[in-house]
Amino acid sequence: MAEPTPAPVARSFASDGIRPGVARAGSWAAGSAPPDKDRRSRRRSRRIYEILETTALVVAERGYHNTSIEEIADRLDLAKPTLYHYFESKEKLVYETLRVCREFVTTALTEASAQASSNTERLRELVRRQIQLTAVEYPEMSRLFLQPLDWPEPLAESVQAWQQEHAGIFRKVIDDGIKSGEFSVGNAAITRICLVGAMNVLPPWIERHKEIDVEEAVDTVLRLVLPATARVRKK
């Protein structure tokens, strides 16, 4: 697990230009659920998406113990009892936020690598999508899952299990690439740790160094597993 970074990686509402309580386009929360059939259900679903996204931002900024239901409700411009109408406790609200976020990321990574024709391209697409999600589209995700937070039990157990599941996606393609001869590594386990660690620290780094783009980051990370003479990108 990566060391905590000194600078916050979660964007504020002001920097996003997003009004509190309004879900962003391409919402990770909305993307996790099937479409609702009637207007009332759609309205309820939209409210839940807004609650989950706002919870993710607040927890990413403040940590679990410093997050309060009052602040989440205030950012959403909701009365506190209204928020309890949807989620009966802070722990259940945060758990659902993390669960939906994890489901979105897993689906996004699976889809990103599905059409790749080689292990090298599979890994490229996985790394690209990971960095795109955590450094560009939804930086709060990097704070929720990639950096240590003050999770209480049993949330800590769930987060650890989801982190292991996430690492397993990358472990599989790296192991396959080693077996096929596409990847050249010394110690496979250390290589996997270094690759995941690199992606963990990239979001705040890219946030601070605007001149670094996603493709440059992807190319550099791939060099951890590709032979020195291999071309990183197809021409």
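A residue counts as buried when its relative accessible area is under 20%, as exposed when over 50%, and as partly exposed in between. K92 has a relative accessible area of 45%, so K92 falls in between and is partly exposed. E88, at 58% relative accessibility, is exposed.

Please keep in mind that this is a predicted model. In this model, the side chains of K92 and E88 meet in a salt bridge, with N to O at 2.7 Å.

## Salt bridges across the structure

How many salt bridges does a search of the whole structure find? The search finds 17.

One of these pairs brings together E165 and R102, whose side chains meet at 2.7 Å, N to O. This pair links distant parts of the chain: E165 belongs to helix α8 (residues 155–180) and R102 to helix α5 (residues 90–114), 63 residues apart. E165 is partly exposed at 30% relative accessible area, and R102 is partly exposed at 23%.

## Within helix α8

Helix α8 also holds both K172 and D176, which sit four residues apart, about one turn of the helix. K172 forms a salt bridge with D176, and their closest N and O atoms are 2.6 Å apart.

Are these two partners buried or exposed? K172 is partly exposed, with a relative accessible area of 48%. D176 has 19% relative accessibility, and because the cut-off for buried is under 20%, D176 counts as buried.

Methods
Residues are numbered from 1 along each chain as its sequence is written. This is a predicted model: local features need pLDDT of at least 70, side-chain atom pairs count only at pLDDT 80 or more; totals for chains, interfaces and linings use all residues. Side-chain values use heavy atoms; hydrogens and water are left out. A salt bridge is a side-chain nitrogen of Lys or Arg within 4 Å of a carboxyl oxygen of Asp or Glu. Buried means under 20% relative accessible area, exposed over 50%, partly exposed in between (1.4 Å probe, protein chains only). Helices (H or I, at least four residues) and strands (E, at least two) are DSSP runs, numbered from the N terminus.
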